[in-house]
Amino acid sequence: MNLTNTSHPGIHQEDASDHSLIPPCQNACPLHMDIREYVSLVSQGRIMEALQVIRMGNPFPSICAYVCTHPCEESCRRAQVDKPIAIRSLKRFAVEFGGDRMIRTEAETKYSDKVAIVGSGPAGLACAYYVKKIGYPVTILEAHSDLGGMLRVGIPQYRLPREVLDTEIQRLTHMGVEIRTNTRVVSLDLLFELGYKAIFITIGAHQSLRLGIEGEESPGVIDGATFLREVNLGIKPSLGRRVMVAGGGNVAIDAARTAVRLGVKHVSIFYRRTRSEMPADPQELEQALEEGVKIKYLSTPVRIDRENDRLKMTCVRMELGEPDESGRRRPVPIKGSEFTKEFDSLIVAIGQAPQTPSDFGVRIGRGSTIQVDPSTLTTNRTGVFAGGDAVTGPATVTEALAAGRLAASRIDDYLQHRYPLPVKETNEKLSGELLPKTIEMIRKIERSEPLSLVGETRVKDFETVEQVYGWEAAINEARRCLRCGVGVEILFQDKCATCLTCLRVCPYHVPRLDNTGNINIPADQCQACGICVAECPAKAIVLRKPFDRRQVSEELTHTIKLATESKNKPPIIGFCCQYGLFGTGTLSRLWRGAKAGVTIVPVLCVAKVEANHLLSAFETGAEGVFIAGCGEQCARENTTYWVKQRVEKVRKVLRSIGIEPERLQVFTLGTAVADPTEELDRFIEQISALRLSSVIKEEAIS
Amino acid sequence: MIVAEQKSLEEIRRMIAPYPRVLILGCGTCMTVCNAGGESEVSFLHNSLRLAEVRSGDGIHTFTEHTVKRQCDPEFLETLSEKTIDVDVILSLGCGIGVQAIAEYLGDIPVLPGVNTSFMGMTKESGVWDERCAACGECRLEDTGGICPITRCTKGILNGPCAGSKNGKCEANKDVDCAWILIYKRLERLQQLDKMRRYYSPRNFRAIPRPRRILSKVEIATGESDG
Ligand SMILES: Cc1cc2nc3c(=O)[nH]c(=O)nc-3n(C[C@H](O)[C@H](O)[C@H](O)COP(=O)(O)OP(=O)(O)OC[C@H]3O[C@@H](n4cnc5c(N)ncnc54)[C@H](O)[C@@H]3O)c2cc1C
Ligand code: SF4
Ligand code: SF4
Ligand code: SF4
């Protein structure tokens with residue numbers, strides 16, 4: 001049999017270029033991770049592969065899985081329908097269930113030029129990881145006794161278990177990264193003298209900003225960063241019974257929640273603006289409230305008097321005035337609104353700035369940050385690079401990781417005397433909002449959150465608050481992804497007969513007739529269901545990703561090849577959806593080959609199975625063919641309807657060449673018969689009965 | 001648009017039986033739109049025929065496939081010469097015009113019709129087509145509110161409705177609208193009911209001089225065009 005011509009004698013396979021667009025989630029991620037891909041793999045239950053994709057874009061996914069501020073979720077287009085995909089939780093699921101802890105990273109030393117990294121926060125660690133991977137000997141120099149920067153001394157343990165950080169650091173040691181702790185670098189010249197050829201400065205932003213009010217020097221006043229560092233290093237500062245936290249960012253919230261865990265009864269955050277201006281993560285804020293933290297908006301301390309071992313705080317109420325340069329409305333004190341309150345301590349958490357030793361000789365810019373060229377991360381000194389919070393001011397872990405990765409490749413360019421190659425983005429970015437008529441048709445599915453420890457239990461210790469998803473919850477959450485940018489396009493405009501079939505069959509009203517009389521399929525609306533691809537009579541429409549284009553045909557060819565080789569023709573071939581429960585859950589035995597004589601062609605939604613694929617399956621000699629899809633539970637619309645149309649079309653052919661049409665069946669979840677495995681069993685019985693009767697017939701003839 | 005329906009697999013198999021090497025030829029225009037012979041149908045038919053061969057066990061056929069933009073214009077058929085080198089027959093999924101255009105263009109290879117060309121019509125919804133015009137050559141839609149009685153009235157009468165019209169449906173088929181009731185309603189809406197009150201004399205379709213030809217250019221004597 002001619003295998004190359006099995007199912008698609010046609011053009012689909014010819015064009016191998018990837019026309020998918022970069023989805024907004026990926027675009028928002030400082031590391032530019034292929035979120036859509038790993039979310040899709042999770043939705044198929046292919047967790048190890050999901051983890052592989054994650055590791056390709058992120059040196060320390062386990063850390064991000066806990067603490068990333070997930071800007072991807074802020075840009076996720078699913079928010080236009082209901083709620084964004086829980087991307088970070090899915091990553092955590094992949095990291096834990098995919099066995100990230102077991103992964104070992106190897107690195108070979110290929111070059112002799114030594115690289116020094118000053119500071120071991122996420123930027124430094126990431127840079128060390130990549131520089132080492134490229135093949136340079138690398139040393140991390142860290143002032144503290146332990147590595148990790150803010151991951152160690154800033155972020156509280158209930159949000160990032162230290163085992164996670166330790167595992168990543170062990171991996172670095174295993175790769176051969178040299179580590180020097182308790183080493184505060186004061187001069188770079190010394191490092192050059194020691195033979196380092198390139199230096200990456202990532203000293204973070206650890207200098208807390210001050211309120212600048214009278215009495216701030218009093219005992220009982222501590223800055224947020226110092227407080228968290230002390231707690232993280234095992235010192236338990238005594239705070240008394242009533243603590244005020246001044247500030248409205250994540251550090252303020254972390255400080256307040258940490259104080260609660262140290263046993264402080266009354267913790268109040270004073271913030272000078274309102275909740276809507278608060279930079280803190282809303283979820284963190286919510287959790288703080290659950291833990292009993294009180295928040296007073298539009299209030300700020302203006303004077304501290306220490307009396308009888310307590311702090312008498314004079315505060316003032318604020319109102320919002322004109323927007324300032326940050327775009328937020330400036331708080332203005334209301335005259336005569338002063339009031340006093342007594343506290344045992346005050347934690348000032350209103351921001352940090354970098355503090356660079358002057359002997360480094362690097363140029364310092366606004367907000368005490370180190371000035372660099374943003375695309376090469378070079379400072380004014382040759383061979384000296386800088387990145388992370390020290391350059392940006394307080395930012396995020398992923399931004400620091402991205403800076404570390406960029407620095408590694410720039411240091412490589414520098415040491416190899418190469419002109420830095422600009423990073424080229426070949427694929428276009430997906431932009432544009434979903435239209436109301438598209439949104440209307442997209443099935444609303446509630447976002448599922450992983451469980452959290454209950455408020456009262458969690459304040460007793462530093463146990464991780466957010467738990468990990470269960471298998472089924474993760475898969476269902478992942479299935480909500482709209483797969484933005486991987487939909488279809490009319491690749492062959494010259495073939496399009498403007499028949500309007502696509503426009504008529506699309507459940508989401510995506511294809512559009514423009515005023516020149518041409519059909520367009522806007523990439524920003526397409527839901528990638530694939531229905532129009534199979535229905536276009538001119539074969540003008542293709543999926544944007546070559547893999548998606550070929551998937552069914554390739555799997556089928558593979559199945560056929562195996563069957564031909566084994567000389568053991570599969571009596572039954574089933575096209576089985578890979579998403580959700582069919583792929584992974586209760587119904588996985590359908591495709592795991594658990595049933596004798598059933599060979600499964602895994603497909604990513606049955607809507608992509610074309611009538612031709614069904615014919616090809618029969619052509620291999622299959623006695624029965626079935627399609628098993630998610631039916632009502634499919635994340636896309638009308639898929640079963642179109643599958644049934646195609647099945648009827650093929651049955652007509654079968655009938656006319658003397659094959660019983662019952663040999664082709666559709667099984668779906670959520671139809672009248674609850675368990676499709678039972679239906680399948682009956683089908684198998686029926687097929688063997690048909691086989692028996694045809695054997696008898698043949699014998700009777702001969 | 002011309003609308004057709006693919007012939008049954010049995011009939012197609014009977015037609016191609018004597019010819020071992022078959023080129024299935026699609027048409028990218030009307031036959032694509034009416035789902036009878038576009039590239040997708042070509043490949044579906046190809047697969048169906050191959051399956052039939054495999055199952056009958058006595059297959060002698062090999063199939064190739066190709067689709068041109070329009071079979072009814074010879075310029076589009078130029079690519080065919082190379083596609084037909086090792087071919088014994090062309091199974092055309094073009095309409096009757098396409099089949100004839102190919103026969104005219106390629107004198108030596110037989111051409112078989114793979115579809116039954118049915119009518120001129122329009123798409124009602126995806127997968128449903130309705131007849132609308134009989135190409136009578138003498139259009140009367142002006143008088144009938146834009147509704148053709150010749151195609152849409154079962155009897156094709158020019159002065160309807162007939163006595164068999166009931167509740168707006170045709171006596172011949174209760175699912176079909178009576179064309180003349182539709183005409184009446186439309187004329188009423190257009191306030192042109194006077195057109196219903198006229199008598200239209202019968203037409204003699206047999207008198208149509210076949211084959212018809214339309215000339216949209218005038219004969220110019222040689223020599224004149226140069227000056
Ligand atoms: C309380 C808190 C909570 C946070 N929560 C989050 C969060 O949930 N999600 C998120 O994305 N971001 C969070 N951040 C921000 C994030 O931690 C930082 O943006 C990130 O750690 C910056 O990384 P970095 O490598 O630039 O610097 P850092 O992590 O600050 O590391 C700098 C390191 O350099 C060392 N160092 C400084 N000077 C010297 C010297 N002269 N010689 C040697 N070593 C030196 C320091 O000791 C430190 O270890 C939080 C920050 C804080 C303070
Ligand atoms: S729906 Fe999926 S692909 Fe689209 S932005 Fe959200 S996570 Fe990314
Ligand atoms: S279905 Fe295909 S041929 Fe028809 S309008 Fe859409 S792209 Fe064009
Ligand atoms: S793939 Fe689906 S959603 Fe996209 S245009 Fe086609 S039918 Fe519409």
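Trainee: How many nonpolar, polar and charged residues are in the shell around ligand 3?
Mentor: Keep in mind that this is a predicted model. The shell around ligand 3 has 11 nonpolar residues, two polar ones and no charged ones.
Trainee: Which residues come nearest to ligand 3?
Mentor: Cys496(A), Cys499(A), Leu500(A), Cys502(A) and Cys536(A), out of 13 residues around ligand 3.
Trainee: Switching to helices. At what angle do the axes of α7(A) and α9(A) cross?
Mentor: Roughly 30°, and the axes come within 10 Å. Helix α7 of chain A covers residues 122-134, and helix α9 of chain A covers residues 162-175. Angles under 35 degrees count as roughly parallel, so α7(A) is roughly parallel to α9(A).
Trainee: Is that crossing left-handed or right-handed?
Mentor: The crossing of α7(A) and α9(A) is left-handed.
Trainee: Which residues meet there?
Mentor: From α7(A), Leu125(A), Tyr129(A), Lys132(A) and Lys133(A). From α9(A), Ile169(A), Leu172(A) and Met175(A). By class, the contact of α7(A) with α9(A) has five nonpolar residues, two charged ones and no polar ones.
Trainee: New topic. How many aromatic pairs are there over all chains?
Mentor: The count comes to 12. One of them is Phe385(A) with Tyr414(A), at 5.7 Å centre to centre. Their planes are 70° apart, and the pair is edge-to-face.
Trainee: Where do Phe385(A) and Tyr414(A) sit in the chain?
Mentor: Phe385(A) is in strand β16, residues 384-386 of chain A. Tyr414(A) is in helix α15, residues 397-415 of chain A. They are 29 residues apart, and the pair links distant parts of the chain.

Definitions and conventions
Residues are numbered from 1 along each chain as its sequence is written. Chains are lettered from A and ligands numbered from 1 in the order in which they are written. This is a predicted model: local features need pLDDT of at least 70, side-chain atom pairs count only at pLDDT 80 or more; totals for chains, interfaces and linings use all residues. Side-chain values use heavy atoms; hydrogens and water are left out. Axes are lines fitted to C-alpha atoms, for helices over the stretch in contact, and angles run from 0 to 180 degrees between N-to-C directions. Helices (H or I, at least four residues) and strands (E, at least two) are DSSP runs, numbered from the N terminus. Angles under 35 degrees count as roughly parallel, over 145 as roughly antiparallel, 65 to 115 as roughly perpendicular and the rest as oblique. A crossing is left-handed if the near helix is turned anticlockwise from the far one by less than a right angle, and right-handed if clockwise. Contact means heavy atoms within 4.5 Å. Ala, Val, Leu, Ile, Met, Phe, Trp, Tyr, Cys and Pro count as nonpolar, Asp, Glu, Lys and Arg as charged, and the others, Gly among them, as polar. A residue is near a molecule or strand if one of its heavy atoms lies within 4 Å of it. Rings of Phe, Tyr and Trp (its six-membered ring) pair if their centres lie within 6.5 Å; planes under 30 degrees apart count as stacked, over 60 as edge-to-face and the rest as tilted.
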